[in-house]
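Please open the model in your viewer and keep the selection tool at hand. The stops below move from a helix to a sheet and then to the ligands.

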Amino acid sequence: MQEEKVLSTEQTPKYILEVKNLKKYFPLNKNLLGKPSAYLKAVDNVSFKVKAGETIGVVGESGCGKTTLGRTILKLYSSDGGEIFFDGKDITNLSKKEMVKYRTDMQLIFQDPYSSLPPRMTVGEIISEAVKVHNIVPANEVSSHVRSIMKKCGLQPQYYDRYPHEFSGGQRQRICIARALAVNPRLVICDEPVSALDVSIQAQIINLLKELQQNMGLTYVFISHDLSVVKYITDQIMVMYLGNVMELGETKEIFANPLHPYTKALFSAVPIPDPDAKMNRIILQGDIPSPANPPKGCKFHTRCSSCMNVCKFKEPLYVEAENNHFVSCHLYNEEVMNNMDKYEHLYQEYLKEQENSENEKGKNNEKGKKES
Ligand SMILES: Nc1ncnc2c1ncn2[C@@H]1O[C@H](COP(=O)(O)OP(=O)(O)OP(=O)(O)O)[C@@H](O)[C@H]1O
Ligand code: SF4
Ligand SMILES: [Mg+2]
């Protein structure tokens with residue numbers, strides 16, 4: 001009997017979600033045969049893992065691939081490479097039919113509580129819809145199950161027969177949360193769950209999510225651009241830029257010791273709750289390059305104040321710079337930093353190649369003009 005217990009504990013996966021080198025490429029232009037000739041790499045080689053009951057924050061500027069990552073994990077988008085493990089099981093290539101049993105385990109809370117609720121359904125109908133479809137509880141218990149979830153989410157039982165338009169933004173988001181939790185999920189992807197709400201309401205919803213996590217043992221992937229919120233609610237943070245992971249580590253460690261120049265700039269803007277503390281804000285120069293045509297080498301090099309020549313042509317490796325603290329930057333790659341002469345030489349060769357190919361292009365253009 002005892003042996004069986006030990007075995008089952010050992011078999012329980014430590015990480016409820018494990019993502020390895022995940023890719024999602026959107027086709028851009030199509031050639032004459034209808035095949036894509038270029039791709040927008042919205043999520044490129046993203047890896048992370050989350051323990052059950054914990055929260056990972058995904059941060060980065062608009063367009064860096066946060067929502068695409070969330071939707072690809074939930075298999076709302078097909079992936080173009082990499083693997084997704086849920087509770088130790090590889091779900092990457094499961095068919096729609098095979099995914100059915102995981103659909104309730106993984107839920108999504110959207111940013112906009114106004115557009116994500118069907119206006120002609122009552123709150124009770126909205127929350128009970130998936131409960132009925134997936135037979136979460138026997139038919140005669142649906143109503144009491146929904147009312148109990150509503151109560152947990154701070155919604156009064158008399159709201160059951162009311163319509164979404166009768167509620168404020170904060171209450172609507174509570175309805176969205178209740179709808180997601182009514183099917184007893186284990187993992188919830190929260191995509192900017194408070195950014196459409198008034199500041200005064202945001203804290204209430206964040207505290208509700210924290211409380212529900214503790215009571216229901218939930219795991220969150222928390223997508224946000226609000227670093228103060230991320231600092232409060234997450235256990236680890238992943239920083240993304242143009243589809244790539246720039247840095248990943250435990251929240252305390254990332255705030256105390258950010259390594260990547262991009263993280264340093266982003267986090268320098270987070271207010272410090274100490275009137276005597278000095279803010280050394282780093283202003284990022286320039287705009288985010290087009291994700292359809294990202295810079296060569298390090299994608300961040302066009303905005304990085306520490307950019308070296310090697311960064312302009314060589315993509316940095318993703319390395320564990322410190323214990324459990326990963327970063328994608330040449331500054332933390334000993335091989336690169338100890339061989340600067342070699343890379344300077346390679347950079348000069350790269351420049352020559354660029355020049356030659358530009359000249360070649362110019363010649364071809366002139367030839368084309370003459371011929372026409
Ligand atoms: N369905 C799609 N087809 C083509 N390109 C898309 C699609 N969805 C997203 N993209 C592109 O992929 C990139 C990443 O978009 P995504 O919405 O994931 O970014 P985000 O980090 O969530 O941004 P935001 O903070 O503004 O929500 C963007 O360049 C976007 O234009
Ligand atoms: S690799 Fe170079 S350009 Fe990129 S973040 Fe590091 S120092 Fe900056
Ligand atoms: Mg988004």
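The expected span of a helix is 1.5 Å times one less than its number of residues, where helices (H or I, at least four residues) and strands (E, at least two) are DSSP runs numbered from the N terminus. This is a predicted model, in which local features need pLDDT of at least 70 and side-chain atom pairs count only at pLDDT 80 or more, while totals for chains, interfaces and linings use all residues. Residues are numbered from 1 along each chain as its sequence is written, and chains are lettered from A and ligands numbered from 1 in the order in which they are written.

Select residues 169-181 to begin. This is helix α6, whose 13 residues reach 18 Å from first C-alpha to last, close to the 18 Å expected at 1.5 Å a residue. Of these 13 residues, 10 are buried (20 or more other C-beta atoms within 10 Å of their own, the C-beta atoms being placed from the backbone), and among them are R172, I175, C176 and R179. The buried residues of α6 pack against β6, α4 (123-133), α5 (142-152), β7 and α7 (199-216), contact being C-beta atoms, placed from the backbone, within 7 Å.

Next, display the sheet. It is open, has eight strands in the order β6-β7-β8-β3-β9-β10-β12-β11, and its pairing is mixed; two strands pair if DSSP finds at least two bridges between them. The edge strands, each pairing on one side only, are β6 (106-109) and β11 (318-322). Within the sheet, β7 (187-191) and β8 (219-223) pair in the parallel sense over five bridges, and C190 has F222 of β8 as its bridge partner.

From α2, move to ligand 1, where α2 supplies three residues, the largest share of the shell. The residues around ligand 1 include G63, K66, T67 and H225, each with its C-beta atom, placed from the backbone, within 6 Å of the ligand. By class, this shell has five nonpolar, six polar and one charged residues.

Finish at ligand 2, which 14 residues surround, the closest being C298, H301, C304, C311 and C329. Here the shell divides into 10 nonpolar, four polar and no charged residues; Ala, Val, Leu, Ile, Met, Phe, Trp, Tyr, Cys and Pro count as nonpolar, Asp, Glu, Lys and Arg as charged, and the others, Gly among them, as polar.

Note on methods:
A residue is buried if 20 or more other C-beta atoms lie within 10 Å of its own, exposed if 12 or fewer, and partly exposed in between; C-beta atoms are placed from the backbone. Two residues are in contact if their C-beta atoms, placed from the backbone, lie within 7 Å.
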